[in-house]
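Please consult the sequence and the model alongside the text.

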Amino acid sequence: MGVLQEQNVSNSALPLLSLNHVSYLCKSVTESAKFYQEILGFVLIKRPSSFQFEGAWLFNYGIGIHLLQCNSINDVQQMPVKINPKDNHISFQCTDIELVKKRLREMGMKYETALVEEGGVFVDQLFFHDPDGYMIEICNCGNIPIVPLSASACPMLKKPQSYVAAKKSKALHAAEMETRMMETLFANMIDIAM
């Protein structure tokens with residue numbers, strides 16, 4: 001029984017709930033916090049007082065941004081000369097991309113745009129950097145439906161035979177447990193009725 005449980009745990013995804021926060025090393029926590037508040041609408045929240053380093057926590061849209069003061073200016077990446085949409089970034093969905101463009105222009109922010117098309121559905125993307133050079137995307141990505149890939153359509157999803165066998169074993173184990181639970185429930189119901 002113990003071996004089967006270990007096998008099931010090793011083939012299971014971690015029990016995650018959601019993305020909690022992203023963390024960024026900053027040249028100036030004050031300047032970066034101001035950017036995330038004024039440009040992206042984040043709100044400063046209480047940060048544990050036990051931390052022995054300067055930082056700030058912000059929250060909005062169901063996600064936190066944790067800003068950490070760097071020890072040396074060399075710890076933080078240099079501001080990229082060019083905005084590269086293929087660079088690492090965090091993305092936020094918006095309801096009005098044109099309003100976002102207008103506001104960024106009013107603030108003198110440089111940005112790049114892109115348009116993605118999939119089956120007649122279009123997604124507008126807008127990319128810019130925060131004060132520390134971290135890329136941010138604003139998009140209407142919700143336009144494209146999320147469709148899971150099948151193993152036959154995607155070679156990355158093909159599982160080795162040992163994985164398939166473990167999944168079948170897990171399914172059989174679950175079915176056996178379900179049967180036992182139903183039998184126990186039925187027996188308890190009969191006891192109550194008598």
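**Basis and terms**

Buried means under 20% relative accessible area, exposed over 50%, and partly exposed in between (1.4 Å probe, protein chains only). The model is predicted: local features need pLDDT of at least 70, side-chain atom pairs count only at pLDDT 80 or more, and totals for chains, interfaces and linings use all residues. Residues are numbered from 1 along each chain as its sequence is written, and side-chain values use heavy atoms, with hydrogens and water left out.

Val-43 belongs to strand β2 (residues 43-45); strands (E, at least two residues) and helices (H or I, at least four) are DSSP runs, numbered from the N terminus. With a relative accessible area of 46%, Val-43 is partly exposed.

Arg-47 is placed in the loop between β2 and β3 (55-60). A polar atom of the Arg-47 side chain lies 2.9 Å from the backbone oxygen of Phe-53.

In one, the closest N and O atoms of Glu-98 and Lys-101 are 3.3 Å apart. These residues are three apart in helix α3 (residues 97-106), so about one helical turn separates Glu-98 from Lys-101. Glu-98 is partly exposed at 48%, whereas Lys-101 is buried at 17%.

Lys-102 and Glu-106 also form a salt bridge (3.3 Å, N to O). Both lie in α3, four residues apart. Lys-102 is partly exposed at 43% relative accessibility, and Glu-106 is exposed at 59%.

Definitions and conventions:
A polar contact is a pair of N or O atoms within 3.5 Å; within protein, one must be able to donate a hydrogen and the other to accept it, and residues adjacent in sequence count only if both atoms are side-chain atoms. A salt bridge is a side-chain nitrogen of Lys or Arg within 4 Å of a carboxyl oxygen of Asp or Glu.
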